[in-house]
Amino acid sequence: MARIDDPKIAFAYLRPACVLLTREPTVANVETLGALLRDVDAATLQQLQEYVLFPLRFVLKVPGTKREGLVQAVAEAVGHILENTCVRSWETLRDLLSELCLCLCSPADPGKPAATSEELKSAVLGCLDALLHAAYGDIVIRLFEPVMLPGLGAAISLLLTLGELEKSRAIQAAALKCLQALTLQCDCEQDHVVLTAEEHCVVGGTMASFLPGITVALTRIVTGDLRQGHAVTVRAIKVWSRTVGLVMEDTQLQSCKTANTTSLDLGRIGELVVHRTPDWVKGAAGRLAVLLKKVVSCTSAHQHWRVRLEMVDMADRLLAMCAGSLGDCAGPLLEALVAATNDQDPRVRERCEVALREASERSQSNDGNRQTFTDVLSENLHALATSLPRLMRTSDDQKKLFVLSVFLGYLKVLGPLVTVVLSSAVHLQRISKALMQVLELDVMDVRIVEERSAASVVETTPGSDPLPVQAQRKHFLYFTDEKIFSMLMEICRTLGYYGNVYLLTDHFLDLYRESSVYRKQAAMALNEIVRGAAGCQGSKGGGCGRRAPPSQEDLRVVVVSVMEEYTSLSNWHLVTVGEDSDGDKDQELLTPSRLLSISNGAAGYAPPNPLQIVPSSSASRSSPTLHQLNGNIWQLCIQLEGVACFARALGRDFRPLLMTSLYPVLEKAGDETLLVSEAALDAMRGVGEACGYAGLGELINDNSDYLINDVSLNLRRLCQHPQAPRVLTVMLAHSDPGLLPLVGDIVRDVLLALDLSYDRTASLFCSVLHSLMKALARWFPSGPASHRDAGRPAKPSADREVLDVRQFLLDYRKQKELAEGICAEDEEDDALGDLAAPPPQEAEESVEDLDGPDAKAELPPHISITKDVMERCIHLLSDPCLRIRLKVLDVLELCVCVLRERENELLPMAHRCWPALLQRLTNDDPLAVLRAFRVLCTLGEACGDFLRSRVSKEVLPRLTSSLSRQAPVSARAGPVYTHTLAYKLQLAVLQGLGALCLRLDLAETDLEAVCEACLPYLSCRQPVRLQEAGLSLFRHLIRADPDALWFTLCELHCPFSYDPPHPDLAPVRLHGMGRARDECTDNIGKLLREEFSPPGWGEQLPLR
């Protein structure tokens, strides 16, 4: 439908609705007029503006309470008129502003918003926004005359209250948008009034009266509840910055000479007028600085990027417009910009870089050089470094993160000028001391020193590395957030990236040497500084370019100097275990009066005095405290991390430094403290990756020549180098069989030294022998069972096939005749025939024995070494120290595993070690008995029936007796019993005895003894794991002698009847049939059902 563009026709078209509305102010009539207004052209409506506004305003002026729907309809109709027309009358603007504000006010308290619907508030605020946009410039400027201060103040107060207290986000944002339009600072896409410089001064002078209230209320909105949404916060920051910029603009304050405009006719209104004198400006700037700090601290770390972007815009606007008047605010504003240089969102970073660049250009154009801006940045950096420790102690994590972001931003903004700033001793000292205090570690956690590495070093197969060790999280005194630590490390990297690496490393090395309090923090800083200097990950600066980076030779020199300090005796060989630990006891064995030189027993050496004592420089030391132990552990971990950092910084150029750095790292990889050993392994992986090695094995093998040389030399001076055995242990754990020829001589030296002073060095070298045997077992794996069993027929399990009675009787007759000697003569003839004709294989072997020389083939190196080690284990099994006996038993078990495939070597050694092993099994501490039984199981698995008679006569009676005595105890014990050593011994014997009986093919009497001793463990009163172990044992016994075990179990409990397959046969009667349930019924029934019952439950079981 075409819109009406003739004023006369439009007047006639609208007049009836206007008259009707004036007579009957109802919602329907307002909506009718509103619908008609949409049919009129905008130009025509402009001519009829006053006419059509009259009935609508009349509705609002009618006294009495009005319905919300009516007021909302009027506001929407007035809004439509104002959106399509311009307000040319001052009276219309003033009255409409007052009437619309009254629609939002409470009738009882005009200073507060009315409790009306959100729809009504939204409609009135939209109408108010349209009114302010529709007013002509010469009309709207009259709002800022002194006489309008009360009305303008009421409108501003009302809008601020709605923006702060309204629950609806849309209403809050609309109220703040109206406030922005009321101050003529709107930034929407509509056309706005362009003010002259003089009009700007008028508006700024009038808004100065409301500046405190506006800024305080908006600050509360910005720092209020985060649930209000980012849109409200963005709008509040925008109004705050534009209002402050309007009032405190430098050009206004310089050009507008504020005069006393208060006249006599203003009366009390004159008290509301503010004169922007220098004193007022100075006071306002101080109060604004307080509010600004709150706004910046709340918005700089806001979750939404638009809020952070608006904060950057605010800082840029105020620095550009109010740099002179807001002198106290320049610092917080610059901090806000600097902090935003590290923002996660690229849009915020780009806007911040533009703002900083413009600030630098303004400083250069104003002062003629760039020195002033640099001085401001450096002084701010110095001030921030001074207050950094205090802020990190007293602030929350969000504030700490903001402060560190500002610190990092200053460094990035300064860029290459960081070198100039750090040339000042004051700045360098302040920054470094701040980092030392902030990075102080919390070393009071007892778990750090309690955690021990495994008894053996983590092993690797030749083709794979162990899983990466997760880096232990550091705990700091003054913060807990991992983001804060990452920010601190990036600060150190940025210092290294832009600063002079020689100056920084020398300074932090001085701090490292200065006090043990700073040592850990200085090491962390040094590690990251070198990474930053090398341009490693995360060290790139912001927008500023970097001067010439240090050369590889410079980096190498720096790394060498730091590495020498790290690996010096006083900083590397630190105490990490308490005086009661095993490691400390090993160290006590290295005192001058107790240690013999390993070189005394080395082949090819014949010193004049074979009992030469190695001198020691170690003095008696006091017991270290928990604080000291934890501090030493963390210092070593940080220094090991540094080795990996340096390797990554140099890349393949680090390879020449492996000769001096790899051996110390291997020392720590064998450390007893879990944290240190994991850090060392992680450092080895980092070094190997940086140097181009495929894994730890390749790293060790390629450098094994000088590593072995160092180990060999240090083993001869154990008092000075007590960590040498650990290095050998780590090498064996992570290498491959190619290392065996190199370590052969060292192993012989260790064994000879053990022979000469086994009572002094047994504890120290048993760990080395254990690692050696684990490596040999891994390098030369053998099958799980001996090849001697290849021809032995396996005994069948319970026969589940239906019995053939005829064949059963024939077999029975044949066995009876053999027992009575009827077939003896035939068997003798067969035997003579067998003797007359020896097998071809034996004949060939006899011929070879006659022709060939009587010489024994040379054993492989690993077999020879294993026999030598096993020989020493035989002697050390009777050592008075329980800890040594346990270690030796572990080594002995591995020796058996290596010799498993060499029966001719294993059986004589088993015969020799049997007496000592028997003593450990029958007359030793329960812990040693437990370990010895495990060795016996491994030995029985490897030797088979070679040990049958020994076990049957010497071991089995004691084991069965012990099980019988302990069964009532475990049946009566409570849940705490499962944590005792007796329980663990019971469990181990029950778990291993069945397989041992089956493997040794024990006689029926022995099986009966074992069965009788273990029957009580089928009781439901026993602990669950003992019941499970008992069931496992009986399953093995059933495989050894199914008939006897079936009869024994059925005599105790028979869950079903056995009917003979033929009526002429007598029925089977067993004592267990029909017996009442007892404590063993369930487990016995379970065994019978699993091992003997036919497929169908209750069917006949075959006779035996």
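Student: What should I know about the model and its numbering?

Tutor: The model is predicted: local features need pLDDT of at least 70, side-chain atom pairs count only at pLDDT 80 or more, and totals for chains, interfaces and linings use all residues. Residues are numbered from 1 along each chain as its sequence is written, and side-chain values use heavy atoms, with hydrogens and water left out.

Student: How many helices and strands are there in the protein?

Tutor: 50 helices and 0 strands. Helices (H or I, at least four residues) and strands (E, at least two) are DSSP runs, numbered from the N terminus.

Student: And how much of the protein is buried?

Tutor: Buried residues are 51% of the 1104. Buried means under 20% relative accessible area, exposed over 50%, partly exposed in between (1.4 Å probe, protein chains only).

Student: What share of the contacts join residues at least 24 apart?

Tutor: 77%, among contacts between residues at least 6 apart in sequence. Contact means heavy atoms within 4.5 Å.

Student: Helix pairs next. How do H43 and H45 pack?

Tutor: H43 (residues 903–922) and H45 (residues 948–972) pack at about 10°, axes 10 Å apart. That makes H43 roughly parallel to H45. Axes are lines fitted to C-alpha atoms, for helices over the stretch in contact, and angles run from 0 to 180 degrees between N-to-C directions. Angles under 35 degrees count as roughly parallel, over 145 as roughly antiparallel, 65 to 115 as roughly perpendicular and the rest as oblique.

Student: Which residues meet there?

Tutor: On the H43 side, His911, Trp914, Leu918, Leu921 and Thr922. On the H45 side, Arg950, Val951, Glu954, Val955 and Arg958.

Student: What about H42 and H44?

Tutor: The axes of H42 (residues 882–898) and H44 (residues 926–943) come within 9 Å and cross at roughly 10°. H42 and H44 are therefore roughly parallel to each other. The residues that meet include Leu886, Leu889 and Val896 in H42, and Ala928, Val935 and Leu939 in H44.

Student: Where does glutamine 1022 lie?

Tutor: In the loop between H47 (1004–1014) and H48 (1024–1040). Glutamine 1022 is buried, with a relative accessible area of 4%.

Student: What's around its polar side-chain atoms?

Tutor: Two backbone oxygens. That of alanine 967 is 3.1 Å from a polar side-chain atom of glutamine 1022. That of proline 1016 is 3.5 Å from a polar side-chain atom of glutamine 1022. Beyond its neighbours within four places in sequence, glutamine 1022 also contacts residues including Ser970, Tyr1017 and Gln1027.

Student: And valine 750, buried or exposed?

Tutor: Buried, at 1% relative accessible area. Valine 750 lies in H36 (residues 740–756). Phenylalanine 765 is 15 residues from valine 750 in sequence, and their C-alpha atoms are 7.2 Å apart.

Student: Last one: what covers the buried residues of H50?

Tutor: The cover includes H48 and H49 (1042–1052). Among the buried residues of H50 (residues 1081–1091) are Ile1084, Leu1087 and Leu1088.

Terms used:
A polar contact is a pair of N or O atoms within 3.5 Å; within protein, one must be able to donate a hydrogen and the other to accept it, and residues adjacent in sequence count only if both atoms are side-chain atoms.
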